[in-house]
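This report describes selected local features of one structure.

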Amino acid sequence: MRNLIFIWTILVISFHTGSYAQQPSVRNPAGSQYCWPWTGGFDACQFGEIDLDEDNKMDLLVFDRRGNRLSAFLNRGEINEINFEFAPQLTGLFPELFEWAVFIDYDFDGLTDIFTYSPGWAGIRVFRNQGGSPPQFKLVVYPYLTSFQGGGYVNILATNADYPAIYDVDGDGDLDMLNFWALGTFIELHLNQSIEKYGHADSLDFVKSDFCWGRVAENEENNLLYLDSCLFDKPAIAAIDGNRHRGATMLMEDFDANGLPDLLLADVDYPGLTLLKNGGSVQTAVIVEQDTAFPSGDVPVHLFSMPVANFADVNNDGLHDLLVSPFDPNPEVSENSQSIWLYLREPVVGPASYRLETKSFLQEQSIDLGSGAYPVVVDLDQDGHTDLVCGNYGKYIRSWYTANTLHSEYKSGIHFFRTIFREGVRQLEIVNQDLAGLSSLGLLGLFPAFSDLNSDGFMDMLVGNELGTLFYVTQNEDHNWNLITTAFQDIDVGEWSTPQLFDVDEDGVTDLLIGSKNGKISYYKGRIFNGFIEFDFVTDFFGGVNVTDFSLSYDGFSVPCFFTDKQGQIRLVTGSEQGKLFLFDQISDNLTGNFREVNDWQLIIGTQHQQIDPGMRSAAGVGNLLDNEALQLIVGNFSGGLNLMNADLAVSPGQVEHLDSSLQLSPNPFQEKVEITWGADLPELLNLALIDFQGRVVEETTIRQGTLNLGHLVRGIYLMKVSSQGKYVTRKMIKI
């Protein structure tokens, strides 16, 4: 344990002196500073190793199926050291992944490739790593991977609830695949014929060679496994009521060091991993023993629901460590706050031995509120500095079964991040994880909104929740909170109310806007009566806004955030079930009309993205957390974390004049130098600003046509803004 403490101390120090330190920094309830506060959180993750910066060290990829979010961490550790650097600037270069991903080098060229779910096809897509820094990927298998079976090539079945095993099962030098039979019970083996047919491993040419690998069968009603059970009329199988495969995860490795591949297996709705030990031969696998308490030599995995295991050398000792996280597609039954278990492999000869190091790897160094994060930027303590307050869906408490059905309990609370100053540096500090003690009400999805509703000079709070109603909570001069009612003015928007208090009609009185599960926004006009603000219903379809994507879901989960931009114009950003953040203008003097959806994020927060999608059930808060003139966009998602997008661009929204679009950069991507040219009608001297992926201005200067030496920049994506006399043009640049 002494070594572990030392390693994590090194990790914290090394990150905050690195190039990607994020502002403002955040302190956890214990007073320690998070390494990576703004990662967006982690819930149900899969992991892979890949060299992202060509330093011959394997870096770490984290894929969270909650919102199909990919995170990258650069490995800065030495031998026996855990030291990672969060690198969000790299993930935008990867292909879009869905539901699950297996990161593995299938063609043995030393570069990590990607197998992932193919939505709509119940199959597998494959991306080949083309190399480079950062790596480039080519889609080589679409719409699905096939195997020769039954006289022709057929899709290898892979649902969103199945995680296949990809491994050289027969030891011939190419990668094979295990998956479950379509109707469940039996494991199929698909052997790769690449070596046999072509003499190399770079093809994916499979043939189904075994319908019952290992002579093992799974009970379709629970997680029981039967050995030596390959006959369809086997008594143990015949007793099973129906054949329906519900989902499983697999990981293959020679765990017992007998020269044969074993299988680590998990089943949907269950918390454990079972090790199936292979006692057959290279040609014919036979499972002879099952360890239902893996790893039985240490703390067994007990992680709701349906854990998936991946290998990665986390501490740089040359051994594959185990990372375990939930895989269940249902986000409402899984552990969420301690959902990444790290087992370090012991350096012993013989069977693999693992030791549990932590149940919250990466999570313990990041803002992670469990499931759901709903940020609000507000000066809650009214000290002149904006704070951050966050509601959530809930933190995992426990799970249980009723009639073979899994249920899980969560507790929702409101988190208060107060602005503090240490040695003149602005920071956020978590000072309350259950503001006003509202978790005692036992409801999910607590969502706060703030204003002085009773004219006593102190911020009051309206709180939305899963029922669609509002709680009214007042604050006194001692900053104590008092719950007045759980049915404020009998307002009810159906389910999952997400209120905001904002003077949208600009009459000097706060109004009430409420998002809900139906994807729309309700508008209640505020009026003062006997010193209190009361609200009158106006419409439940404000601005014609509906963020529901009916091709994906019947639910929208709108989360409105109205704000005023630098031009004094009211804007709206709203989260959604699908994850996309919607941006609207044309609101002032148009309260009875339809708002206009726009994509000019670069004018608000300094990003060129045409669409911001931080993950499912997104929510946004807009305000100033840095004591400058810029706006920050703080974005939450169902994984329980937050992304911070800084805006250091002093730009004005609205109609913008552009410079000559003939401005050219070459080469792009670049390594050291970039040649920049523009049309003859532009001035000889132009202003240049380089903005990184986090929205920070990393360099400002004046330039002439010619060569720019940018070798000092770290690798990543940048926005180049070139301007003159109020006009500007932007270009995306990639430093490799």
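## Asn 179

A polar atom of the Asn 179 side chain lies 2.8 Å from the backbone oxygen of Leu 157. Asn 179 belongs to strand E14 (residues 176-180); strands are DSSP runs of E, at least two residues, numbered from the N terminus. With a relative accessible area of 4%, Asn 179 is buried (under 20% relative accessible area, 1.4 Å probe, protein chains only). Beyond its neighbours within four places in sequence, Asn 179 is in contact with Ile 156, Leu 157, Phe 186, Ile 187, Glu 188, His 190 and Met 250 (heavy atoms within 4.5 Å).

## Basis of the model

The model is predicted: local features need pLDDT of at least 70, side-chain atom pairs count only at pLDDT 80 or more, and totals for chains, interfaces and linings use all residues. Residues are numbered from 1 along each chain as its sequence is written, and side-chain values use heavy atoms, with hydrogens and water left out.

## The five-stranded sheet

Five strands form an open sheet in the order E12-E19-E20-E21-E22, with mixed pairing (two strands pair if DSSP finds at least two bridges between them). Strands E12 (162-163) and E22 (287-291) are at the edges with a single partner strand each, so one side of each has no neighbour in the sheet.

E12 pairs with strand E19 (residues 248-253) in the parallel sense, over two bridges. Here Asp 162 is opposite Ala 248 of E19.

## Strands E27 and E28

In strand E27 (residues 374-378), five of five residues are buried. Tyr 374, Val 376 and Val 378 lie on one side, and Pro 375 and Val 377 on the other. E27 pairs with strand E28 (residues 387-391) in the antiparallel sense over five bridges, with Tyr 374 opposite Gly 391.

Note on methods:
Helix = DSSP H or I, 4+ residues; strand = E, 2+ residues; numbered from the N terminus. Buried < 20%, exposed > 50% of the residue type's maximum accessible area, 1.4 Å probe, protein only. Polar contact = N/O pair within 3.5 Å; in protein donor to acceptor, adjacent residues only side chain to side chain.
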